[in-house]
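I opened this entry to keep track of what I looked up in the model. The notes go region by region.

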Amino acid sequence: MTAALTNNPQARLPALSKTRVAQGLLGVAVLLVLTKTVLPAGLVRPPEWLVWPFADWINALFNFMRDDLGLMHVTRGFAEGVEWLLDVTANLLYGRNRWPYLGPIPWSVIAVTAGVVGYALQGWRLALLSAGTFVWIVVMGQWTWSMETLSVIVVAAPFSILFGLLIGVLGWKSRRVEKILNPILNIAQSLPHFAYMIPVVVFIGVGPKAGAIVTIIFSVPPMIRMTLLGLKKVSPEVVESGHMCGATRWQLLHSVQIPTARTDILVGVNQVIMQCLAMVVLASFIGMPGLGQKLLQLLQALKIGRSVEIGITIVLLAVMLDRCTKAWAVRQPEHFEKGTSWVVRNKFLVIWAVLVAVAFALAQVFPMLDQVKRSQALSMAKPIDAVVDWFIVLIDPVTQWLRWFLITWILIPMRDAYLYLPFSAVLALLAAIGWAIGGLRSALVCIAFFGLIAMSGWWDRAMITVYMVSFSVLLALLVGFPMGIWGARHDKRAVKVLLICDTLQTFPSFIYLIPVVMLFGVNDVAVVSAVFLFAAVPLVRYTIEGLRGVPEALIEAANMSGATQRQTLWNVRLPMALPTIMVGVNQSVMFSLFMVIIAAFIGTQDLGQEMQRALSSTDVGKGLVLGLAVAFMGLMVDHLVNRWASRRRQALGLA
Amino acid sequence: MTTPETVISCNNVWKLFGEKAENYLAGMTGNPTFDEIRQAGYIAAVRDVSVDINRGEMLVIMGLSGSGKSTFVRCLSRLLDITGGTVKVEGQDIGALDEKELIDLRRNKMGMVFQSFGLLPHRNVLDNVAFPLEMRGQDRHTRRARALEVIELVGLGGREEYFPRELSGGQQQRVGIARSLAIEPDIWFLDEPFSALDPLIRREMQDEFLRLQEMLGKTIVFITHDFDEALRLADRIAIMKDGAVEQCDTPDKIVLEPATEYVRKFTEEINKARVVHARGLARPINGIAPSGEPIAGHTTIQEMGRLLVNDTRDLMPVSDKNGKVIGAMARQEALDVLFGAPA
């Protein structure tokens, strides 16, 4: 096979053609696999000299920063400030015994406020959703937990937004800062949640303030991205008009550029809030009380009914926060006719003030409108449990068989196969793929990322993660792709399916674990199913968007050439949509990586499990090395897909 | 005759885009063409332009896209720093101004209108128009009063509270015009202000613009790619190609005596009789006293077509706005413009 490399018939070409090199590398990979039994051990698994003690170095660096640089005092100081704010919100929202000793605010007042905000932003339906969410929470007796969760978001989100805005503006002002920021953001956005938690535990400890701080850090990157994007998008004429109006730099920034970039910045705010929610739920792993902690406990105890209730609460909160911030982002200013009175101009404020006053007054008379005790709450856990039990018994033969089939015939053989591969063969294979897609540079990128994973010393664990991700993404492709094609068939259907995908994507990843644990219990099948569900959503979504995004003129041209529906789909729509669909594949891989790691606590043997161990032993070095290994997998796929998609786009004249 | 006062004076202005363009310009020998400069890795957006603009004059810069006209006007307002040469505004070299002085100059002397309006989407009409006043730090009340005044002037009275997206393109550009006039600038830059509008609205806006200019008498630099628009509005036209000015003259001269082949191509399809005025054909009298009723200098040849055919004089006197005879026009020459020169 390697003969292809040397025996190139097109020797007159100055360089070997791309496919030839790729084929050669592929040949090497196959050869390495076939001859594994006689290979020297150093080619089968990373030899000892190749495994560097990155973890020790990182630990040394962190110790140096913490003890010698005195960074500990800085972080502790900041943490104390955050804690003070957390106490204030905790007092107001659920009556924790702290300054200002005013709370708790009656739940009816909070529900009414949420309703008015929803109404002002979009109208009745959002008002119902917002107020309804809080009514559900109180009726289900989850008020305190929910408010514990919300109080962290209320404190963390503004910090994230502020930091993101500041760093974004800095990056936009200076090319150098942007160049430094870009790779950091890339890595930060592909690091799994747990990787953020370990350093925070080291510097801050556990509990609500650590939860708040990890949430702040985790949700800053999208804000920076969107701020940069928004500021760059401001039309040069608007900036020039600002200059010609005699604006100073500061005036230009705060009254021209930032307000004009408003929509993108608010999309950033939306992402921050969604990230905050996702993180705050997961922060239960580092002792953050609230909905996440309850859900974690209940899931581990297999109390499905109660978990479902909490799941619904988290979903409602997610959808509400998402809809409200999105509505805020797309909201356009509208004028009032001349001579409109103050009351009409500020009608939402007036309505809010009146309703709040009414709610306060009623809460004084009817204690039920002030606070609802746990014993007074409704719980549907019993009926849900009954239904779930009945359902599980009903489909038990199916799930049993599926579990057996998947584990014995697919998962275990696949895992063994991945583990059988010599690491040198994997590197050669990745280099082949890289070369085929993007030439030498991409091949080197692939080798660099996976080479570092090999050097981390976690090769076997990493291969288990790769196996779960690749199987889940494959499954997601098999299901998501046809579903996307089906969804894109009609306009109305496309809108509906997209709405569902959108909503599913707002759910914190944790939620996906509830149904799979319910169906399969706690094992690999459950993990793979959760990852598959989570990964299928972006695939469906981008398939539809890609197919719908094909220019109308091309479809008309195909129709006039006498193409049937099927011919149009295969010859026109799909080729044109493929670059967009690949974006979906990329996201799908990213999502699965995150999910695999999160799912670790229901029992896997991959990087995620080790990360959990690192978290419980607060081993920063190990945690970050594992996190970076996951990030590198994601970044490699990201690089390959982007390379391929941009080349395809250019070839199609779309870019 | 008094010599007109120069407001903006450009001397050998160069604008090159590319790494270290100053060094390249300093080391440049001879007079390289646009393509030669491109081969060296630079884009020559403005090449060696020298133009003087007088007080109260409307200079129209005409060129196709990529000719450097928009870049040139940005050099005049120092939205772009020039690579070589000088731009003086009322005798002051604007390249030498520091940031604060430049801001002061823009706050007090200059106004600019943009092709795609450049309005601030989050501010209503009133606040958009008052924006330059706000930048100057004027108080709310004065700001509002002045903004309302200019809004009335551009015919948008009653729409102060509308937001840009609630207005049509023509109305948005009126806001842009009002904003640029709010500080009562002496110098008014207009960068293709009507190009984004549809033809009917464009014509209406041109009329409106002429009415405003009649009233305000600003010094104007007007950019357009539309030759008809240039002929219609200009006191003088500068035609640009590949960053250089091909010809800078009155519309009459451009049509009658195109300086280069490029300019001649533009004028080919133009009905010259509609462009050329009596004053454009008038020659100094030199002692001969042409007889009869003088023709007003601003009459176009087309407007006096019937008169030209019926009249029998060989030389017809031409008068200026005040009725004073400024020269004489040969009837035959005018007829040639009207019907085309005999083959």
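**Confidence.** I noted that this is a predicted model. For chain A I read a mean pLDDT of 89, with 97% of its residues at 70 or more. I then looked at residues 1–14 of chain A, where the pLDDT is below 50. Beyond near neighbours in sequence, I found 14 contacts for this stretch in the model.

**Cores.** I looked up the largest nonpolar core and got 199 residues. Leu277(A), Ala530(A), Val531(A) and Ala629(A) have the most contacts inside it. Helix α20 (residues 423–456) of chain A gives this core its largest share, 18 residues. Apart from this core I found another, of 95 residues, which includes Ala44(B), Met58(B), Val175(B) and Ile187(B).

I went back to Ala530(A) and asked which residues it is in contact with, leaving aside neighbours within four places in sequence. I listed Tyr512(A), Leu513(A), Val516(A), Met595(A) and Ala599(A).

**Helix α7 of chain A.** I checked the length of this helix, residues 124–139. At 1.5 Å a residue, its 16 residues should span 22 Å, and the end C-alpha atoms are 21 Å apart, which agrees. I marked Leu126(A), Ser130(A), Ala131(A), Thr133(A), Phe134(A), Ile137(A) and Val138(A) as buried in α7(A). An α-helix has 3.6 residues a turn, so residues three or four places apart point the same way. Among the elements that cover the buried residues of α7(A), I noted α6 (107–121), α8 (143–173) and α16 (304–330) of chain A. Just after α7(A), I found Gly141(A) with a positive phi of about 70°.

**Sheet in chain B.** I traced an open sheet of four strands in the order β2-β1-β4-β5, paired antiparallel. β2 (43–54) and β5 (92–93) of chain B are at the edges with a single partner strand each, so one side of each has no neighbour in the sheet. Trp14(B) has Gly84(B) in β4(B) as its bridge partner. I also found helix α3 (residues 69–76) of chain B packed on the sheet, where it touches β1, β2 and β4 of chain B. The direction of α3 makes about 55° with that of β2(B).

**Between the chains.** How many residues of chain B are in contact with chain A? I got 24, against 22 residues of chain A. On the chain B side, α4 (99–108), β6 (110–113) and α5 (125–136) each supply at least two residues. The largest share of that side, four residues, comes from α5(B).

Methods
Residues are numbered from 1 along each chain as its sequence is written. Chains are lettered from A and ligands numbered from 1 in the order in which they are written. This is a predicted model: local features need pLDDT of at least 70, side-chain atom pairs count only at pLDDT 80 or more; totals for chains, interfaces and linings use all residues. A nonpolar core is a set of buried Ala, Val, Leu, Ile, Met, Phe, Trp, Tyr and Cys residues joined through C-beta atoms within 7 Å. A residue is buried if 20 or more other C-beta atoms lie within 10 Å of its own, exposed if 12 or fewer, and partly exposed in between; C-beta atoms are placed from the backbone. Two residues are in contact if their C-beta atoms, placed from the backbone, lie within 7 Å. The expected span of a helix is 1.5 Å times one less than its number of residues. pLDDT is the predictor's confidence in each residue, from 0 to 100. Two strands pair if DSSP finds at least two bridges between them. Axes are lines fitted to C-alpha atoms, for helices over the stretch in contact, and angles run from 0 to 180 degrees between N-to-C directions.
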